[in-house]
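Welcome, and please take a moment with the sequence and the structure below. We will walk through them together, one part at a time.

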Amino acid sequence: MAIKKLNNKLPQSAVLRQILKRCSSLGKKYDDENGLPMDVPKGHFPVYVGENRSRYIVPISFLTHPEFQCLLRRAEEEFGFDHDMGLTIPCEEIVFQSLTSMLR
């Protein structure tokens with residue numbers, strides 16, 4: 001199952017690029033070429049999870065998993081994607097860790 005278009009005007013690849021650009025981290029050094037923090041390896045992006053907004057670096061390949069897409073839909077419903085905090089996932093850290101360990 002692919003990620004549905006979040007904006008009817010943009011193709012899925014453009015929407016994913018927008019999401020990844022918004023997955024920034026305050027106070028980090030940024031790569032001018034792609035706008036992501038320099039401590040994020042190519043092919044990965046940061047997300048913030050749980051009450052304490054703990055930062056996790058996850059592979060872009062997670063975007064194709066239905067379970068992770070469900071988390072993205074919950075994030076969009078709760079926080080939207082147009083904010084400066086980076087991509088925040090609304091679930092407990094232990095649940096996120098369990099899910100991501102199964103996806104690897």
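Among contacts in the protein chain between residues at least 6 apart in sequence, what percentage join residues at least 24 apart? The share is 45%, where contact means heavy atoms within 4.5 Å. Before going further, a word on the ground rules: this is a predicted model, in which local features need pLDDT of at least 70 and side-chain atom pairs count only at pLDDT 80 or more, while totals for chains, interfaces and linings use all residues. Residues are numbered from 1 along each chain as its sequence is written, and side-chain values use heavy atoms, with hydrogens and water left out.

Let us begin with the overall plan. The protein chain has three helices and three strands, and along the sequence they follow the pattern α-β-β-α-β-α. Helices (H or I, at least four residues) and strands (E, at least two) are DSSP runs, numbered from the N terminus. Of the 104 residues, 38% count as buried; buried means under 20% relative accessible area, exposed over 50%, and partly exposed in between, with a 1.4 Å probe and protein chains only.

Now look at the sheet. Its three strands form an open sheet in the order β2-β1-β3, with mixed pairing. Two strands pair if DSSP finds at least two bridges between them. The edge strands, β2 and β3, each pair on one side only. Strand β1, residues 44-49, is mostly covered, with five of its six residues buried. With β2 (residues 54-59), β1 pairs in the antiparallel sense over six bridges, and here Tyr48 stands opposite Arg55 and Val49 opposite Ser54. These two strands form a hairpin with four residues between them, and Gly50 in the turn has a positive phi of about 80 degrees. With β3 (residues 88-89), β1 pairs in the parallel sense over two bridges, where Val49 stands opposite Ile89.

Next come the helices. Helix α3 packs on the sheet and touches β1, β2 and β3; its direction makes about 15 degrees with that of β2. Axes are lines fitted to C-alpha atoms, for helices over the stretch in contact, and angles run from 0 to 180 degrees between N-to-C directions. Helices α2 and α3 pack at an angle of about 145 degrees, with their axes 10 Å apart. Glu67, Phe68 and Leu71 of α2 meet Phe96, Leu99 and Leu103 of α3 in this contact.

What lies inside? The largest nonpolar core has 18 residues; such a core is a set of buried Ala, Val, Leu, Ile, Met, Phe, Trp, Tyr and Cys residues joined through side-chain atoms within 4.5 Å. Those with the most contacts inside it are Val47, Val58, Phe68, Leu87, Ile89 and Phe96. The elements that give two or more residues to this core are β1, β2, α2 (66-79) and α3 (93-103), and the largest share, four residues, comes from α2. Leaving aside neighbours within four places in sequence, Ile89 is in contact with Val47, Tyr48, Val49, Gly50, Leu71, Leu72 and Phe96.

Finally, consider the cysteines. A search of the whole structure finds zero disulfides, a disulfide being a pair of cysteine sulfur atoms within 2.5 Å. For Cys70, the nearest cysteine sulfur, that of Cys91, is 9.8 Å away. Cys70 counts as partly exposed because its relative accessibility is 38%, whereas Cys91, at 12%, counts as buried.
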